[in-house]
Amino acid sequence: MRRAPTILHLDMDAFYAAAEQAAKPSLRGKPVVVGGIGPRGVVSTASYEARVFGVRSAMPTAQARRLCPNAAYLTPRFSLYRQVSDQVMELLHELSPLVEPLSLDEAFVDLEAGGVAADTRSARAVGERLRQEIRQRTGLTGSVGLAGAKMLAKIASEQAKPDGLVVIEPGSEREMLGPMTVRTLPGVGPATAETLRRAGIHTVAETAEAGEAELVRLLGRAHGAGLYAMALGRDERPVVAERDAKSISVEDTFDVDLTDRTRVRAELTRLADRCVQRLRAAGRSGRTVVIKVRNYDFSTLTRSETLRGPTDDPGVVREAAARLLDLVDTTGGVRLLGVGVTGLADFTQEDLFAQLATEKAAREEAERERRAVDEAVREAAGEPEPERPRSWLPGLDVWHDEYGAGWVQGSGVGRVTVRFEQPWSAPGRVRTFPVGDPALRPGEPLPLVGGPPDEPRAPAPQSSVPATRPNSVSAGAASEPGTGSGAGMSSR
């Protein structure tokens, strides 16, 4: 534990939804929900306006629509979120060499490692300046927590939401934590909370009063001892600049259960290619291929195969995934498929299995596989080869030859409705086109701040901030927290 609050935790406010509001003037101040929009979709992020109606992250989209039917339900645009995240992380690295990203919108920063004086006044000044710079650079808001330990800094940023700063002074930890629910502590999920509830333990103060021996008896030695230390405000974990990933994976949930074996295999091949793309983007290779299959009845199973050495060859991963699929009965219907690679390394075994000899051959093979997958998917679905996207998903960027940049507001019955507006414009007009209009095609995200670019943004080759009140308090003022809350990356 440090004697000064020099560990900073930044958490962007309702990140995905706020980015969409900033990009779409017509949605500012209105309920926005970002996530899967299909019947089996799940909410990724809800704006603060939507949270008033009870919409939360990880909630089924169908339930969210019942609670807040007038919200804008949008498909995530991860390319935009990554661009904004890169800008925020760049600001954090200007503060210190020790930055520990937890997700696109959340990170710890060791201010002492960046030369900030070890006192409350200096730390607070850095935190306030960071909030201002984030707003200027991105147009979005972030909440900052400052404390002498990582756990406390994260709790402080939760108390600061939205758009605030909270400092927990060293020495005031137990007083501040005491009245909070035990679920506030890291690692306390529903099962642990229920075990503690049955023992009459509901708050952090009651957890500390129970004593280490009682918590060990209830939860086991490792969990019990760790929980007791956290209840006392103790957390000695350092800020770690590099968090080594243990696995890389992708998965998709389907609106309709897949029962055709050819379609299942085709989707698994597509996921294997996406997984390898992420693997290569991270500069890694992997030794074990894993598939995940969730059946129509929600039963979920995994199968894995360990290779003779690490690889980033798409052909090798596809073949291993196909072999694993042969071990799974999918006749009842598949609602979710996933492919992952574990046992990560920084090198590959060049002669592994039938690894392709040259980059040219690899590209040609990948292209043949891609075409085969596309053809198999189309044949299984009974659809002809499309010349353009078969559907336009709400929220995605488009470009019209006459009207310029806009975004899809909705589609159906052979029509697509587009609102033409930009982040720096007034709310734009809505126009409707046939889905096959040759003048309409996918576009690219526009910058959130800085005004119109000098040159029009070319469309992609085929293929706001909610109103909040400033809040800045110090430890001991935890009885007056910010109005927002978060639970994991997707809820920000």
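The following exercises, with worked solutions, concern a predicted model.

Residues are numbered from 1 along each chain as its sequence is written, and side-chain values use heavy atoms, with hydrogens and water left out. Local features need pLDDT of at least 70 and side-chain atom pairs count only at pLDDT 80 or more, whereas totals for chains, interfaces and linings use all residues.

**Exercise 1.** Determine how many residues of helix H1 are buried, and which elements they pack against.

*Solution.* 
1. Helices (H or I, at least four residues) and strands (E, at least two) are DSSP runs numbered from the N terminus; H1 covers residues 15–23.
2. Buried means under 20% relative accessible area, exposed over 50% and partly exposed in between, with a 1.4 Å probe and protein chains only.
3. Nine of the nine residues of H1 are buried, so the helix is largely enclosed by the rest of the structure. Among them are Phe15, Tyr16, Glu20 and Gln21.
4. Packing rests on contact, that is, heavy atoms within 4.5 Å. The partners of the buried residues include strands E1 (7–12) and E2 (32–35) and helices H2 (48–51) and H4 (78–95).

**Exercise 2.** Describe the burial and pairing of strand E13 (residues 397–400).

*Solution.* 
1. In a regular strand the side chains alternate between the two faces of the sheet.
2. Asp397 and Trp399 on one side of E13, and Val398 and His400 on the other, are all buried, which leaves both faces covered.
3. Strands pair if DSSP finds at least two bridges between them. E13 pairs in the antiparallel sense with E14 (residues 404–412) over four bridges, and aspartate 397 has tryptophan 407 as its bridge partner there.
4. Three residues separate E13 and E14, which form a hairpin.
5. E13 also pairs with E17 (residues 440–442), in the antiparallel sense over three bridges; histidine 400 is bridged to leucine 440.

**Exercise 3.** Identify the residues that make the contact between helices H8 and H10.

*Solution.* 
1. H8 comprises residues 190–198 and H10 residues 212–219.
2. H8 contributes Thr192, Thr195 and Leu196, and H10 contributes Leu215, Leu218 and Leu219.

Terms used. Axes are lines fitted to C-alpha atoms, for helices over the stretch in contact, and angles run from 0 to 180 degrees between N-to-C directions.
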